[in-house]
Amino acid sequence: MSRSFLGMPAFPRAAAVSTRDPRLRANLAHATHTIRDKRARAVAELDDWAQLRAAGAAVKDRTLRHLDHYLEQLEESVAAAGGHVHWAADADEANRIVTRLVRETGEREVVKVKSMATQEIGLNEALAEAGIRAYETDLAELIVQLGDDLPSHILVPAIHRNRGEIRDIFRREMGKWGRPAPEGLSDSPTELAEAARLHLREKFLTAKVGISGANFMVAETGTLVVVESEGNGRMCLTLPETLISVVGIEKTVPTWQDLEVFLQLLPRSSTAERMNPYTTTWTGTTDGDGPRAFHLVLLDNGRTDTLADAVGRQALRCIRCSACLNVCPVYERAGGHAYGSPYPGPIGAILTPQLRGMAGPLEESLPYASSLCGACYEVCPVAIDIPEVLVHLRERVVEGGPVTRRGARVVLKPAKGHAAERAAMRAAAWAFDHPGVLRGGMRLAARTRRLHPRRLPGPGRAWSDTRALPTVPAESFRDWWRRTRGDAGGSERGGVK
Amino acid sequence: MSGRDVVLARVRRALADVPRGEGPHDPPVPRDYRRVHGSRTVEETVELLAENLADYRAVVHRCAPAGLPALIARLLAARGARTVVVPAGLDPRWLSAAEVAARPDRATDTARDLAAVDSVLTGCALAVAETGTLVLDAGPDQGRRRITLVPDHHICVVRVPDQVVGSVPEALPRLAPERPLTWISGPSATSDIELDRVEGVHGPRTLEVVLMAADGEG
């Protein structure tokens with residue numbers, strides 16, 4: 001029924017296709033540039049942004065360093081408020097739990113709030129196999145679902161579609177899922193939003209089971225928080241009789257007060273608003289208001305493996321704002337699908353390989369899907385040093401070494417295809433350790449400069465396909481220095497004029 | 001082993017590098033960010049709330065308590081509303097001048113029943129000036145969460161300045177986490193089409209906010 005990210009090709013192959021799609025590039029350039037400037041304005045309104053960012057990072061780090069403590073506290077608080085807590089070590093276990101919970105209600109349909117975690121575990125496909133139909137109710141997720149498509153952005157999964165394409169999908173597909181698109185639907189965003197309202201209204205009013213994720217879970221109170229814009233979240237969180245929330249364990253924050261940091265950081269980073277239109281918080285169940293049964297499914301699925309890496313664990317601070325996608329030159333050109341998971345862009349390039357234990361060609365290629373320009377780190381509201389983690393993961397790919405996969409330590413072999421890189425690095429290290437060799441090599445390179453090829457041979461060819469080789473100067477800097485200043489001006493060494 | 005045991009054991013193994021002596025309240029969180037941005041008089045805070053509400057397309061009105069019934073009657077009439085749902089604890093005087101059928105918030109109402117109602121009138125728990133946000137906590141004058149969700153027109157009365165706080169950090173300590181909260185900043189909206197903001201999706205498409213001054217003011 002719907003496509004999945006399973007078996008996606010490595011990033012360079014996927015990106016080679018997507019970068020040649022002019023419509024995709026136009027859609028992405030338009031959308032990311034629009035939001036980039038708005039975000040900068042929203043952030044500039046707060047003169048303590050740096051302090052909020054530091055506090056956000058510190059709250060997340062504290063939680064992660066004592067995650068066992070806070071998860072147990074959260075479990076206790078949720079249970080005390082009337083909720084049921086379930087634990088899922090991986091995607092299959094989470095899907096089995098949710099399927100069983102839905103079956104126990106006797107319902108065959110569920111309405112869903114946009115949720116990265118349920119995308120990650122392929123919940124809709126698992127429910128479909130069990131004969132349960134899941135309706136996505138976020139506008140962008142609806143566009144993706146109706147178009148039998150894959151999400152390509154964390155906040156706006158249908159960012160790769162422009163208004164004309166969305167109108168065509170609505171006209172063609174809505175009738176197959178429920179109320180058809182209105183006659184003569186145009187491509188104005190207002191009309192398209194109205195069409196979605198009418199289409200989904202019927203589902204909301206009759207739904208008995210809602211499925212959501214959550215942006216935050218407060219350990220001390222057992223409160224869950226969903227931040228949204230359209231009101232589909234409120235519909236799914238308050239109208240059904242049963243609510244099932246599937247949430248990654250890293251979404252925990254210790255205290256109610258901590259929300260004062262994140263409710264300032266998230267909306268401004270994400271949709272560039274002072275505050276998003278709707279935020280819902282709930283603590284267990286409330287008599288006579290909202291669902292009578294509440295289930296929380298705590299999801300691991302590679303998060304503890306990520307936690308085991310002292311450098312890489314900062315990726316778990318992520319609050320899924322998508323600011324890093326919107327500023328990334330690689331994302332803007334390659335698009336989200338090339339990243340081969342629901343987590344595209346810079347955060348996906350460090351999160352996906354770690355969640356999946358660095359296993360496979362896609363996972364090995366993702367740390368290279370970056371120019372290391374650092375724009376992602378600058379905009380990250382929880383100060384994840386994405387370039388640092390990218391370099392760390394590249395080292396794992398090239399050199400091999402220990403990683404944690406499904407809770408077990410395994411030692412990665414050095415990846416194939418990086419033999420030339422490793423040999424070059426070893427040679428460079430040796431040469432830098434032997435000044436005579438380095439000098440001799442540089443002179444040889446200078447004297448043979450007219451013979452140098454324009455493109456590299458062998459495994460280096462791919463690199464020089466898109467880059468000009470640097471020309472070697474006639475004289476090395478060291479020789480020039482020796483000739484002009486080195487011998488005569490020994491007393492001036494180190495001086496800068 | 002249960003899923004719970006597996007996950008917690010993995011977490012503990014993953015955190016082997018964390019020193020044993022480090023407690024769950026370490027390392028400290030620097031909280032040197034502002035409690036509120038800028039210094040404002042009470043009047044200026046209310047003014048900022050009005051500006052930010054309007055900036056996100058809420059329609060803002062002001063009145064004194066004595067003028068509230070007439071104002072609400074006018075807003076409902078302008079909308080052409082025939083039915084309005086009201087929370088059980090709402091001051092009945094608020095609707096005393098309106099010529100509409102008031103429908104009390106009832107547990108037996110279905111979502112479909114509410115979809116047939118034109119408008120909803122509520123109070124709020126508080127409002128946040130810096131972000132233009134109303135917070136509802138399902139109190140007696142606000143009712144169940146769904147009544148401010150399903151009808152297409154919401155009129156929310158804010159008692160100023162008592163219910164107005166400056167910032168998000170000032171709001172949270174005044175709210176009870178165990179109550180279901182709804183934070184509302186303008187009518188429902190989406191940025192899902194080309195990251196362009198469009199107002200009006202599933203929640204009420206028209207949000208009117210009445211800033212009601214305390215007695216003797218306004």
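This is a predicted model: local features need pLDDT of at least 70, side-chain atom pairs count only at pLDDT 80 or more; totals for chains, interfaces and linings use all residues.
Let's start with the extent of the contact. Chain A brings 99 residues to it, while chain B brings 79 residues. The size of an interface is often given as the accessible area lost when the parts come together. Here the area buried between chain A and chain B comes to about 7800 Å², with carbon and sulfur atoms giving 55% of that area.

| Link between chain A and chain B | Count |
|---|---|
| Salt bridges | 17 salt bridges |
| Polar contacts (both residues at pLDDT 80 or more) | 50 residue pairs |

Helix 10 of chain A, residues 189-206, gives the most to the side of chain A that touches chain B, with 13 residues. By residue type, that side of chain A divides into 44 nonpolar, 28 polar and 27 charged residues.

For one salt bridge to view up close, turn to B:Arg12 and A:Glu72, whose side chains meet at 3.3 Å, N to O.

The two chains are also joined strand to strand. Strand 9 of chain A (residues 278-283) runs antiparallel to strand 9 of chain B (residues 181-184), and four bridges join them. Within this pairing, B:Leu181 in strand 9 of chain B stands opposite A:Thr281.

Definitions and conventions:
Residues are numbered from 1 along each chain as its sequence is written. Chains are lettered from A and ligands numbered from 1 in the order in which they are written. Side-chain values use heavy atoms; hydrogens and water are left out. Contact means heavy atoms within 4.5 Å. Buried area is the accessible area (1.4 Å probe) that two parts lose on being put together, summed over both. A salt bridge is a side-chain nitrogen of Lys or Arg within 4 Å of a carboxyl oxygen of Asp or Glu. A polar contact is a pair of N or O atoms within 3.5 Å; within protein, one must be able to donate a hydrogen and the other to accept it, and residues adjacent in sequence count only if both atoms are side-chain atoms. Ala, Val, Leu, Ile, Met, Phe, Trp, Tyr, Cys and Pro count as nonpolar, Asp, Glu, Lys and Arg as charged, and the others, Gly among them, as polar. Two strands pair if DSSP finds at least two bridges between them.
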